[in-house]
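Me: I have a model open and want to go through its labels with you. Let me put it up first.

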Amino acid sequence: MAFGGASYKAEYIGGHALFPKKMKCTLVVTGAGITVPEMGLTIPYDRINKVQVVTEKEVSALRVALLGIIGAFWKKKKKMLLISYTDETGVTHDMLFDVKKKADEAAAVIYQQVAAARSAAGSRPPATGMGFQPRF
């Protein structure tokens with residue numbers, strides 16, 4: 001499994017106020033954080049609150065909040081990647097990505113990078129409540 005330097009083709013579904021529309025994008029795992037070049041966005045690892053693989057059934061309330069009525073028509077077993085982070089202004093964003101059958105891998109890679117960054121910074125490592133729940 002790749003760690004830093006991995007990248008994943010994805011579709012951004014929603015969850016960030018500055019980016020209200022779905023778009024094709026790439027999630028790039030760098031040494032400093034997760035970069036989404038199409039958005040001009042870098043999420044530093046120390047700002048990530050949760051990395052989680054979710055299914056449509058698990059995210060139904062969030063899905064409707066993010067996408068309105070369109071969200072009601074998603075497949076129930078589709079796995080998606082949820083990255084929750086707090087930006088520099090203190091606003092929390094719960095960004096949802098369809099990573100095309102690689103949600104588990106992407107979540108594991110990102111979670112390990114978050115844990116390593118926190119360990120190197122001397123802060124508490126993420127608890128199991130960090131949200132990573134692999135589904136194999």
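Me: What share of the 136 residues of the protein chain count as buried?

Reply: This is a predicted model. In it, 45% of the 136 residues count as buried.

Me: Why is Asp98 called buried?

Reply: Buried means under 20% relative accessible area. Asp98 has 3% relative accessibility, so Asp98 counts as buried.

Me: Why is Lys78 called partly exposed?

Reply: The label covers values between the buried cut-off, under 20%, and the exposed one, over 50%. Lys78 has a relative accessible area of 34%, so Lys78 is partly exposed.

Me: What makes Asp98 and Lys78 a salt bridge?

Reply: A side-chain nitrogen of Lys must lie within 4 Å of a carboxyl oxygen of Asp. For Asp98 and Lys78 the N to O distance is 2.8 Å, so the pair qualifies. Asp98 sits in strand S7, and Lys78 in the loop between helix H1 and strand S6. They are 20 residues apart.

Me: What makes Lys79 and Asp104 a salt bridge?

Reply: The N to O distance is 2.7 Å. The cut-off is 4 Å, so this pair counts too. Lys79 lies in strand S6 and Asp104 in helix H2, so the bridge ties together parts 25 residues apart in sequence.

Me: Is Asp104 buried or exposed?

Reply: Buried, because its relative accessible area is 14% and the limit is under 20%.

Me: Which residues do salt bridges with shared partners join into one network?

Reply: Lys100 and Asp98 also meet in a salt bridge, at 3.2 Å. Shared partners join Lys78, Asp98 and Lys100 into one network.

Technical notes:
Residues numbered from 1 in each chain as written. Predicted model: local features only at pLDDT ≥ 70, side-chain atom pairs only at ≥ 80, totals over all residues. Heavy atoms only, no water. Buried < 20%, exposed > 50% of the residue type's maximum accessible area, 1.4 Å probe, protein only. Helix = DSSP H or I, 4+ residues; strand = E, 2+ residues; numbered from the N terminus.
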